[in-house]
Each structure stands twice: as C-alpha cells, then as structure tokens.
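Subject: Structure for you, with notes

Hi,

Here is the structure I promised to pass on.

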Amino acid sequence: MSKNMLIDAAHAEETRVVVVDGTRVEEFDFESANRKQLRGNIYLAKVTRVEPSLQAAFIEYGGNRHGFLAFNEIHPDYYQIPVADREALMREEAEEEDDHHEPKARRGAPSSEPSEDGDDEEHEAVSEDDDDVMEEEVARRRRRLMRKYKIQEVIRRRQIMLVQVVKEERGNKGAALTTYLSLAGRYGVLMPNTARGGGISRKIETATDRRRLKGIVQSLDVPQGMGLIVRTAGAKRTKAEIKRDYEYLSRAWSNIRDTTLHSIAPALIYEEEDLVKRAIRDLYDKDIDGIWVEGEGGYREARDFMRMLMPSQAKKVLPYRDPTPLFVAHKIEDHLSQIYSPIAPLRSGGYLVINQT
C-alpha cells in the first residue's frame with residue numbers, strides 16, 4: 001500500500017490536505033481564505049490596559065479584538081525596572097533553568113532589541129504534540145515573578161511589545177498571547193529569547209539518539225540568550241539536516257528583528273506558514289511516496305518550499321492535472337464526510353453518537 005500526501009489547492013477560498021495510507025485517511029487539515037489562523041503569528045503590539053485584578057494586560061495587536069497577555073507570559077526584558085534589577089532577575093532565571101538538567105520547551109521571547117527600539121513540540125509557531133510547555137514550569141515562573149513584582153508595578157499602558165499568538169480568538173474571547181516567541185522549523189524549534197542553550201523533545205526517548213542530538217545542538221553554537229529544541233521529526237536526522245533547519249530559523253528571526261525596527265505598532269511582523277507549507281513541514285516524512293498537488297499555484301509553492309527545506313525530497317512533489325478532482329479520484333470525499341457525521345462506527349459493531357452540547 002502506498003502512502004501519499006494529497007493537497008487540494010485548486011480553489012483560492014479553501015485549501016485541504018490529507019495524508020492517506022492506502023485507503024485510510026491518517027491526517028486531515030483545511031484552511032479557508034476568510035478564516036486564516038492567527039496562531040504562531042508575531043505582532044508588534046501596544047498595551048491598552050493593565051488589569052491588576054487579573055494580573056494580565058490587554059494588548060492591541062491588530063486582531064478583531066484585544067489580545068490577553070498573562071503576567072507570566074511577559075519576558076523580564078519588558079519590565080520597566082532599573083537595569084541592575086532586571087539583570088539580577090535574568091541571572092536568577094538562568095540559574096533556575098540550569099538546575100533543571102532536562103530542558104523543557106518554552107515558547108521563546110524577543111531578546112531586548114524590540115523592547116529598546118520600539119515560546120516543545122507543536123507551537124506549532126509550533127504544532128501541539130511537540131510543545132513541551134510544561135505546566136509546572138509555567139506555574140514556577142508565575143510563583144517566582146508574583147513573589148517579586150505585580151504586573152501594575154512593571155508594565156505600563158501604551159508600552160510596545162513583540163507578541164506571538166498562542167491561542168486563537170474564540171467566541172467573545174480575544175487571542176491568548178505570549179512574549180516568549182518560538183519559530184518552528186522541520187526539525188527544530190528556535191526560541192529567540194529563552195536563555196536555555198538547547199534541548200531535545202521528550203518524545204525522543206532513545207538514549208543514543210538523545211546523546212547524538214545534544215552533541216549536534218552544542219556544535220551549532222546557538223547564541224547566548226537563545227534556545228533550540230530538536231523536534232521528534234529530527235530524531236534520526238543528520239547534523240547537516242538539523243544545521244540547515246537551524247540556519248533557516250536564524251534567518252527568519254533576523255528578518256523579524258529587522259522588520260520590527262521599521263514598524264509602528266500595531267503591525268503584523270511574521271505570519272505563520274500557510275497550510276501547504278505547514279503540511280510539508282509538520283506532516284511529511286520519508287515514508288510518504290509522493291505529494292500530489294492540485295492547483296498550479298499550490299504546486300509551485302509546495303515544490304519551492306520543499307526545495308528549500310528538504311532539497312533531496314523535492315522530486316516527490318508532483319502536479320495533479322487530471323480532469324477528475326484529486327480528492328474524488330482517491331475516494332477521499334466519502335472519508336471526509338464521515339468525519340463530520342455524529343455517528344462513529346466501532347470495529348466491534350457498536351457505535352458512538354457524538355453531539356455538541
């Protein structure tokens with residue numbers, strides 16, 4: 001049975017992606033032009049209100065409504081405190097992190113450039129199953145910071161910050177934001193302002209893989225004040241592959257800094273990859289025999305992105321030009337309609353009925 005990625009990009013208003021193993025749909029995602037995801041996007045934004053009762057700030061970043069930034073998601077670089085106090089706080093944070101020999105992925109943050117001049121697997125900037133954002137670490141940071149400061153003592157209205165969306169707007173709630181930024185690549189997640197030098201996704205469990213990858217990360221000389229996490233997709237990758245991915249992320253961060261310096265808040269600084277690129281970045285593996293793309297624009301985008309990310313695999317990106325639509329030809333539409341049915345059949349012969357409450 002062959003395993004393929006099928007990308008339906010024939011219509012500008014909606015793109016759909018499936019990974020199909022024989023007749024079984026393993027992955028499905030879609031993106032519509034009028035509801036593009038915000039998650040992973042980075043904005044230069046402005047504090048509109050500091051709310052002491054919530055220990056949070058409301059942020060104007062350019063979305064439909066103001067975003068929500070919890071105090072523990074604000075990097076100390078942004079604290080309006082004397083430089084000596086900030087340096088002491090950063091030293092203490094770095095020492096605490098060093099005490100935890102096993103790095104846990106945090107969503108990185110901007111280094112101090114944005115604040116002066118104007119977040120482990122899937123943060124997807126990052127995808128969820130690789131986000132090693134650990135509850136206890138978040139709680140620890142909150143406790144430590146709350147012990148020293150209150151948000152109203154260190155954050156001011158109209159203050160400018162570089163923020164990243166970690167949760168979409170939903171209902172009447174604004175997007176959840178962080179100043180700990182993270183940029184996801186194929187094999188790594190770069191955290192431009194998390195002081196930890198490097199880490200390995202906790203899902204990579206083999207001791208030999210972990211040792212080898214730690215050596216590779218150390219050899220990359222990630223600058224002080226930045227962190228790199230190797231994602232599970234990087235488990236068996238060579239040093240050259242991980243290095244190329246890291247260099248791609250470093251260039252992206254450089255571009256973000258340059259754009260930030262020439263922008264006026266609120267402004268979109270970095271847009272998370274669209275679905276075609278995210279699918280190749282996050283879902284593609286070497287077990288996939290081919291990536292069939294319907295729609296000329298989508299095909300060129302997929303081919304060019306694969307050439308940049310994994311040049312040796314670019315020949316697997318193929319244009320689909322038959323008159324019968326791609327998903328119809330592979331009998332995918334029936335599978336997708338079952339996804340939306342409230343009745344889920346079980347192999348035993350029973351079934352579940354799932355309704356929204």
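Start with helices H7 and H8 in this predicted model. H7 covers residues 275-282 and H8 covers residues 296-309; their axes come within 9 Å and cross at roughly 40°. The crossing is right-handed. On the H7 side, the contact is made by Val 276, Lys 277, Ile 280 and Arg 281. H8 brings Gly 298, Glu 301, Ala 302, Phe 305, Met 306 and Leu 309 to that contact. Sorted by class, that gives six nonpolar residues, one polar and three charged.

H8 also packs against H6, the helix at residues 239-261. Here the axes are 10 Å apart and the angle is about 115°. H6 uses Arg 244, Asp 245 and Tyr 248, and H8 answers with Phe 305, Met 308 and Leu 309. This contact has four nonpolar and two charged residues, with no polar ones. If you click on Phe 305 and Leu 309, you'll find them in the H7 contact and again in the H6 one.

Now follow the chain on from H6. The loop between H6 and S13 holds Pro 266, and the peptide bond joining Ala 265 to Pro 266 is cis, with omega at about -5°. Most peptide bonds are trans, so that one deserves a look.

Strand S13 itself spans residues 267-270, and Tyr 270 belongs to it. Is Tyr 270 buried or exposed? Its relative accessible area is 13%, so Tyr 270 counts as buried. Leaving out residues up to four places away in sequence, Tyr 270 touches Gly 40, Asn 41, Ile 42, Leu 183 and Ile 256. Trp 253 sits 17 residues from Tyr 270 along the chain, and their C-alpha atoms are separated by 9.3 Å.

Most residues other than glycine have a negative phi, but Gln 55 has a positive one, near 50°. Gln 55 is in the loop between strand S4 (42-51) and strand S5 (56-60), and with a relative accessible area of 13% Gln 55 is buried. Lys 331 also has a positive phi, near 55°. Lys 331 lies in the loop between helix H9 (326-329) and helix H10 (332-339). At 62% relative accessibility, Lys 331 counts as exposed.

Further along there's Val 353, in strand S17 (residues 351-353). Val 353 is partly exposed, at a relative accessible area of 48%. What does Val 353 touch, not counting residues up to four places away in sequence? The answer is Pro 342 and Ile 343. Between Val 353 and Pro 342 the C-alpha distance is 5.4 Å, with 11 residues separating them in sequence.

Finally, a word on confidence. The average pLDDT of the protein is 84, and 83% of the residues score at least 70. Residues 100-136 are another matter, with pLDDT below 50. In the model, that stretch still has 157 contacts beyond near neighbours in sequence.

Cheers

Note on methods:
Residues numbered from 1 in each chain as written. Predicted model: local features only at pLDDT ≥ 70, side-chain atom pairs only at ≥ 80, totals over all residues. Heavy atoms only, no water. pLDDT = per-residue confidence, 0-100. Contact = heavy atoms within 4.5 Å. Axes fitted to C-alpha atoms, helices over the stretch in contact; angles between N-to-C directions. Helix = DSSP H or I, 4+ residues; strand = E, 2+ residues; numbered from the N terminus. Left-handed = near helix turned anticlockwise from the far one by under 90°. Nonpolar A, V, L, I, M, F, W, Y, C, P; charged D, E, K, R; others polar. Buried < 20%, exposed > 50% of the residue type's maximum accessible area, 1.4 Å probe, protein only.
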